[in-house]
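Student: I'm opening this one now. Can you walk me through it?

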Amino acid sequence: MKPLIAQYQNICTRIQENALRAKRTPDNVQLIAVSKTFPSADIRTLYQVGQRDFGENYIQEWAQKVQDLADCSNLVWHIIGHVQSNKSRPVAEHAHWLHTLDRLKLAQRLNEQRPSHLPALNVLIEINIANNPAKHGIAPSEMMSLAKQILPLKNLNLRGLMCVAENTDNAEILRQQFTQMQQLLQDLQTIAPNADTLSMGMSQDMEMAIECGATMVRIGSAIFGQRDYSSAN
Ligand SMILES: *Cc1c(COP(=O)(O)O)cnc(C)c1O
């Protein structure tokens, strides 16, 4: 078996185990395989063993992969990196999910650019839960007002929230941040009927995220290996 497939299956097993330990249904924790900097061939390998959801950060790199993998008709693309407004069109035209919606202007552009033959673009509001000025995302206190502005946009489907937690192995800090996300999702659900998604947890902090209610985990290096950014754009 290829190492890539073995690492993938290992992560699928770990997600199931973590969900069961947290007394959750494993099917309620979806794996987003984060393939940034890795070639289309790796995505195809995992697609062929049944993985459907892939996460990408860099729009130009991703646009090439969209072309390469156009024959994979059930592939679901998740954009998980920051999107500049002038890069919104490919997202509107080819993505199924955007995890990093952080401002009204981007929402309005995506709403206008979403082709009418496609279903509404699933969007998550990115929360800067670590309160790190170097990171993207809005403050928790701004979430409800942005959500209210997004809800009337008919070509967007507001599905929930996303965060990148603090880069720490301190379990209590992680638990506090992920629990705050869970509370924020409950707040959002009072106004957004389709908000069922909490995208949180990466290779390093997946277990705590699942314990705190993540419905999507975004796993890159634990599946694909160490990233080499020297050729990335
Ligand atoms: C790269 C990336 C991931 C995956 O991180 P790993 O540590 O490789 O699992 C998850 N989420 C976001 C937003 C990323 O940019």
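Tutor: One term to begin. A helix here is a DSSP run of H or I with at least four residues, and helices are numbered from the N terminus. Also, keep in mind that this is a predicted model.

Student: Let's take α1. At what angle do the axes of α1 and α2 cross?

Tutor: They cross at roughly 55 degrees, and the axes come within 10 Å. The two helices are therefore oblique to each other.

Student: Is the crossing of α1 and α2 left-handed or right-handed?

Tutor: Right-handed. On the α1 side, Leu4, Ile5 and Tyr8 make the contact. On the α2 side, Asp42, Thr45 and Leu46 do.

Student: What classes of residue are in that contact of α1 with α2?

Tutor: Four are nonpolar, one is polar and one is charged.

Student: Switching to strands. Which residues cover the faces of β2?

Tutor: Let me put that another way: both faces of β2 are covered. Asp53 and Gly55 lie on one side, Phe54 and Glu56 on the other, and all are buried. In a regular strand, side chains alternate between the two faces of the sheet.

Student: How many bridges join β1 to β2?

Tutor: Two, and the strands run parallel. Strand β1 spans residues 30-34. Opposite Phe54 in β2 stands Ala33.

Student: Is Ile32 buried or exposed?

Tutor: Ile32 sits in strand β1. Its relative accessible area is 0%, so Ile32 is buried.

Student: What is Ile32 in contact with, leaving aside neighbours within four places in sequence?

Tutor: Quite a list. Its contacts include Gln51, Asp53, Phe54 and Gly55. Among the others are His78, His99, Met216 and Val217.

Student: How far apart are Ile32 and Ile127?

Tutor: In sequence, 95 residues. In space, their C-alpha atoms are 18 Å apart.

Student: How many residues of β4 are buried?

Tutor: Five of the five, so strand β4 (residues 97-101) is largely enclosed by the rest of the structure.

Student: How do β3 and β4 run?

Tutor: Parallel, with two bridges joining them. His78 has Trp97 in β4 as its bridge partner.

Student: Back to phi. What is the phi of Lys23?

Tutor: Positive, about 60 degrees, although Lys23 is not a glycine. Look for Lys23 in the loop between α1 and β1. Its relative accessibility is 77%, so Lys23 counts as exposed.

Student: And where does Asn131 lie?

Tutor: In the loop between β5 (121-127) and α6 (143-150). Asn131 is not a glycine either, and its phi is positive at about 50 degrees.

Student: Why does Asn131 count as exposed?

Tutor: Because its relative accessibility is 66%, and exposed means over 50%.

Note on methods: Residues numbered from 1 in each chain as written. Predicted model: local features only at pLDDT ≥ 70, side-chain atom pairs only at ≥ 80, totals over all residues. Heavy atoms only, no water. Axes fitted to C-alpha atoms, helices over the stretch in contact; angles between N-to-C directions. Parallel < 35°, antiparallel > 145°, perpendicular 65-115°, else oblique. Left-handed = near helix turned anticlockwise from the far one by under 90°. Contact = heavy atoms within 4.5 Å. Nonpolar A, V, L, I, M, F, W, Y, C, P; charged D, E, K, R; others polar. Buried < 20%, exposed > 50% of the residue type's maximum accessible area, 1.4 Å probe, protein only. Pairing = 2+ DSSP bridges.
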